Amino acid sequence: MKQNSLYDSLIYNRQWVITVIFIVFFSLGEARAQIEKKPVNEDGFLYHTVPDILIDTGSNSIHLSDLWNTKPLLLTFVYAECKGICTPYLKSFDNAVSSLGGIGKDYQVVILSFDTTDNLKRMKLFCKMAGLSAVHPYILATTDSADLHRIMKATGFWYQKSDSTGQYDHPAEIAGINRGQVRRILTGAQVSAARLNEVVEELQGNYVRSYPLTSDNIWFRCFQVDPVTGKSQLSWGFLILFFPFLFTLLSTFAIFFIRKMKFNQS
Amino acid sequence: MENNAKNPLSKITLIWILVSVLLFIILIMLAIFMRSVQSNMLQGMQGDFYPSMTLHGIGMVGLWYVASMAIVVYISYRYLRPSRGVQYFSLICTLIGVVMLFVSTLSGKFASGWYFLYPLPLHGTWPSWSTQLFLSAITILGIGWLVWNLDYLRAIAKRYKLGNALGWHYIRGKTEPEVPPFITITTVSTIACLACLASAVALLIFFYFEMFFGIRNDTLLMKNLTFFFGHLIVNLSMYLGVAVVYEILPEFTDRSWKNNKMVAIAWNFVLIVVIFAYFHHLYMDFAQPLWMQYAGQIASYTSSLPAAIMSIFGGLALVYRSKMKWNLTSSFLFLGLMGWAIGGVAAVIDSTVAVNERFHNTLWVPAHFHTYMLMGLSMMVLGYFYHFVHNLIGKEEKLSLSFIISALYLVGGYGIVGMFYVAGAGSIPRRYATYNWGNIMSGTLDAQIGLLFTFLLLIAILLYFVELFRKWIQAFKLS
């Protein structure tokens, strides 16, 4: 059969066209669902109350409030069978904790499994395999499904099982909790000591400085900050603060000088 | 008694008086609304709290600046010849600006607070047109006031040399030519006001660049410019009010308040240092260099103390054992000086770094600025308004009514600021629509008591207005 136009071609191959449309539609829907779940927006959870769930730490079961009532608490989620980001994330987190110091003294860390089939033995083995320092007194814990979903809801953590791999898709998240409230949420597989320090400082009630960094779209700034050394130096924008002085001096002297000139002429 | 009818600025001054007092009453109504919301008496109207707060703040700052400037220009006619056309130009710019501010806040819900600190105006929940209207209003007001100041400075320059106007010859030990302290203080204020308005110009240009061309701004630079403008305009308004007291209070004591070496030194010191005092608004900005923070505290102390001490001791010496004629005008001028001193002390306390760490953004801040504005500058200006209309029609004040108004104003005013001080000392934060949770709940009770005092003040102002307006009509016909 001769195909005369694009329309004829589409009609002839309509079953393929419909199939392609379905595939595109569902894959877009799938992608959108994943994109919606990926970022954890800190703003939606700050200062929200965290449920006082019961966790199993091996030797005994304790409430989270037993921990946050004594020291600020960092809570993070992993699972023992993870072949994805859990290992590099925990290693990076451990390095940041080592650089920062003070774990157990200034703050506590709970590493909670979000796989309810996990047990403490598997978690310990996993953390050892991931290279977590044995010196750091991390609190490894599991909890039941109901409590897990309550704490996930309060901290914005989520996971989704992939049918093809059997693995969970999930973010790397640290929730900073103080006196039963979320005070900070840190996300990302790479944990820098500086960012972690900000979370701990915030939890301890200290003032955490923030200042927008350099941007190409700002013409005048009071200071420029060297991102490597962190040192700041005066920038051209600072001179703008002298504009009012200059304007005042010039206009005042102009007015009185003109008066003097007129006076001399008369 | 001076014949005010011969002064060609009488009519425009009368218009300024009417506009100022009416605006004052409207802005007090907004204060009552805000305190009612904080008292939990107007449930569900919290959303209107912040636009009202913005209009109340910018309105009061602008109102007392134009009111004090208007009477300074009027009084200056004794020595100078400021342009009458410029007075009308300033009045028209002010009226247009005020209408725009009302629309942008009450209709457009612009609610960034009176000093529109960057970047809040560009990131609010209100429509962008209200931000544009608000900034346009500030631009029009700024143009009108800049021309006003330049003309006043021109009028000074026509009669005095710069050094003489600033009283430098007194500092050198000479006594001639005789320059009234009124001229020295207003010269200092006008020159400093040029800097203040230039800062506002730079600020607005940066805002417009971001709004129309997307060029972002440096928050620290914008904050410096904002407080350069905001801090100065409030201080300069008070200095203009104090200049009026220097000029008018002696008329009630039959003594003169002359310029001398100490007065000249004090006010020249103000000119040099007051510009740097605004640094104390940036104590919480860690990126500000440390030397500027130190300079802020030093300038806050040194800019306020010499002028305040000279003025307060001068005022007390003037009144002490004199045959003072007490009426509403003289009481308000004298008590206004006292309110300026009390509010100034509270402000200096807050400008101390160690104290500011605790008091920053608590109700201590509105406590001190309401003291020197409401119980200081407002009293000076309202006192002079009363004097002006009575003088113009050649009638004496009703002393019984004057006593009632003064008593209600004092009790109401100090009650209002007293509740702010109590709340501020208790760390109750400012700019909160309600205080219904945690350890700030006592703020609700403070607001409720404060509200009662605000009603007393409103009664005082309404009585004042009724009496003033009756005389105002007669004066307007005569002028």
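**Reading an interface and a strand**

Reader: How many residue pairs are in polar contact across the interface of chain A and chain B?

Author: The rule finds two such pairs, both at pLDDT 80 or more. A polar contact is a pair of N or O atoms within 3.5 Å; within protein, one must be able to donate a hydrogen and the other to accept it, and residues adjacent in sequence count only if both atoms are side-chain atoms. This is a predicted model, in which local features need pLDDT of at least 70 and side-chain atom pairs count only at pLDDT 80 or more, while totals for chains, interfaces and linings use all residues. Residues are numbered from 1 along each chain as its sequence is written, chains are lettered from A and ligands numbered from 1 in the order in which they are written, and side-chain values use heavy atoms, without hydrogens and water.

Reader: What area is buried between chain A and chain B?

Author: The size of an interface is often given as the accessible area lost when the parts come together. Here that area (1.4 Å probe, summed over both parts) is about 2,900 Å², and carbon and sulfur atoms give 79% of it. In chain A, Leu241(A), Phe256(A) and Arg259(A) lose the most area to chain B, together 20% of what that side buries.

Reader: Which way do the residues of strand 4 of chain A point?

Author: In a regular strand the side chains alternate between the two faces of the sheet. In strand 4 (residues 108-113), a DSSP run of E with at least two residues, Gln108(A), Val110(A) and Leu112(A) point one way, and Val109(A), Ile111(A) and Ser113(A) the other way. All are buried, that is, under 20% relative accessible area (1.4 Å probe, protein chains only).

Conventions
Buried area = accessible area lost by both parts, 1.4 Å probe. Buried < 20%, exposed > 50% of the residue type's maximum accessible area, 1.4 Å probe, protein only. Helix = DSSP H or I, 4+ residues; strand = E, 2+ residues; numbered from the N terminus.
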